[in-house]
Amino acid sequence: MLSQYLKYLFKEITFTKIVLVRFFIVLFKRNKNIELLKLNYGTNYLFKNSFIIIEYDFNNALWYSFNNKKTLEKSIKIFNLENISPNMDIIVHGFFRKKKYSLTFEPSLKIENQSFKTNFSNLSLNLKHNQIPQLTHPSIEISISKPEIKTSKVSIKNQAVNFNHNTYNQNEFI
């Protein structure tokens, strides 16, 4: 019981901390209005048990609410169509402002699992034996003899290097 309360308290503290950081970022901007940059979601060919991917991006947003559930995620949210209502509300909370967007999802296609059957007609199981193609003609023989390595003769003559120098003592150097 106490651990669940601590988890909840920790989540609320982290949520508040992130919202405060975003608040101070928006505080120093000239334009504090919430701007819709991108909102994409699929509406065609939805099945009853499919997933909805909502791709969104807002400028100056602090947090988001999907069906009265708060989130801090900024770009993509995935929902199972069976678990949500056909009308979803997205509320974007900003700097003492909020905007509401309504989305509707209507499944247009259905698959009944119990009556869904597949039938194979004219299925032929005559298998053909195919040989592996040969890369060479049978009348051509390939053989490898002992490889020969030819090297050129290179010779290096060492010459002695002599250094002629005068010895100095410490008094001569100064």
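Predicted model: local features only at pLDDT ≥ 70, side-chain atom pairs only at ≥ 80, totals over all residues.
**Salt bridges, cores and a greasy patch**

Let's start with a charged pair: Lys77 makes a salt bridge to Glu73, and their closest N and O atoms sit 3.8 Å apart. That falls inside the cut-off, because a salt bridge here needs a side-chain nitrogen of Lys or Arg within 4 Å of a carboxyl oxygen of Asp or Glu.

Another of them pairs Lys38 with Glu55, with 3.1 Å between the closest N and O atoms. This pair links distant parts of the chain: Lys38 is in strand 1 (residues 35–41) and Glu55 is in strand 2 (residues 51–59), 17 residues apart. Lys38 is partly exposed at 33% relative accessibility, and Glu55 is partly exposed too, at 31%.

Then there is Lys100, which forms a salt bridge with Asp89, the closest N and O atoms being 3.7 Å apart. Lys100 belongs to strand 7 (residues 98–104) and Asp89 to strand 6 (residues 87–93), so the pair ties together parts that are eleven residues apart in sequence.

What else joins strand 6 to strand 7? The two strands run antiparallel, and seven bridges join them. His93, for instance, has Lys98 in strand 7 as its bridge partner. The hairpin that these strands make has four residues between the strands, and within it Phe96 takes a positive phi near 55°.

Now step back to the overall layout. The protein chain has two helices and seven strands, and reading along the sequence gives the pattern α-β-β-β-β-β-β-β-α. It has 174 residues, of which 20% count as buried. If you take the contacts between residues at least 6 apart in sequence, 57% of them join residues at least 24 apart.

On to the inside. The largest nonpolar core has 17 residues, and Ile54, Phe58, Val92 and Phe105 are the ones with the most contacts inside it. Strand 2, strand 3 (63–66), strand 6 and strand 7 each give two or more residues to this core. Strand 2 gives the most, with four residues. For a closer look, pick Ile54: leaving aside residues up to four places away in sequence, it touches a list of residues including Leu39, Tyr41, Ile76, Phe79, Met88, Ile90, Leu103 and Phe105. Lys77, the salt-bridge partner of Glu73, is also one of the residues that Ile54 touches. Apart from this core lies another one, of six residues, among them Phe15, Val26, Leu62 and Leu72.

Finally, the outside. The protein chain exposes about 16,500 Å², and carbon and sulfur atoms supply 54% of that. Where on the surface is there a nonpolar patch? Leu2, Tyr5, Leu6, Leu9 and Ile13 form it, and together they have about 520 Å² of accessible area. Leu9 has its place in helix 1 (residues 2–27).

Conventions: Residues numbered from 1 in each chain as written. Heavy atoms only, no water. Buried < 20%, exposed > 50% of the residue type's maximum accessible area, 1.4 Å probe, protein only. Core = buried A, V, L, I, M, F, W, Y, C linked by side-chain atoms within 4.5 Å. Contact = heavy atoms within 4.5 Å. Patch = residues over 30% accessible without salt bridge, like charges linked within 9 Å, V, L, I, M, F, W, Y side chains within 5 Å. Areas by Shrake-Rupley, 256 points an atom, 1.4 Å probe, with all protein chains shown as cover. Pairing = 2+ DSSP bridges.
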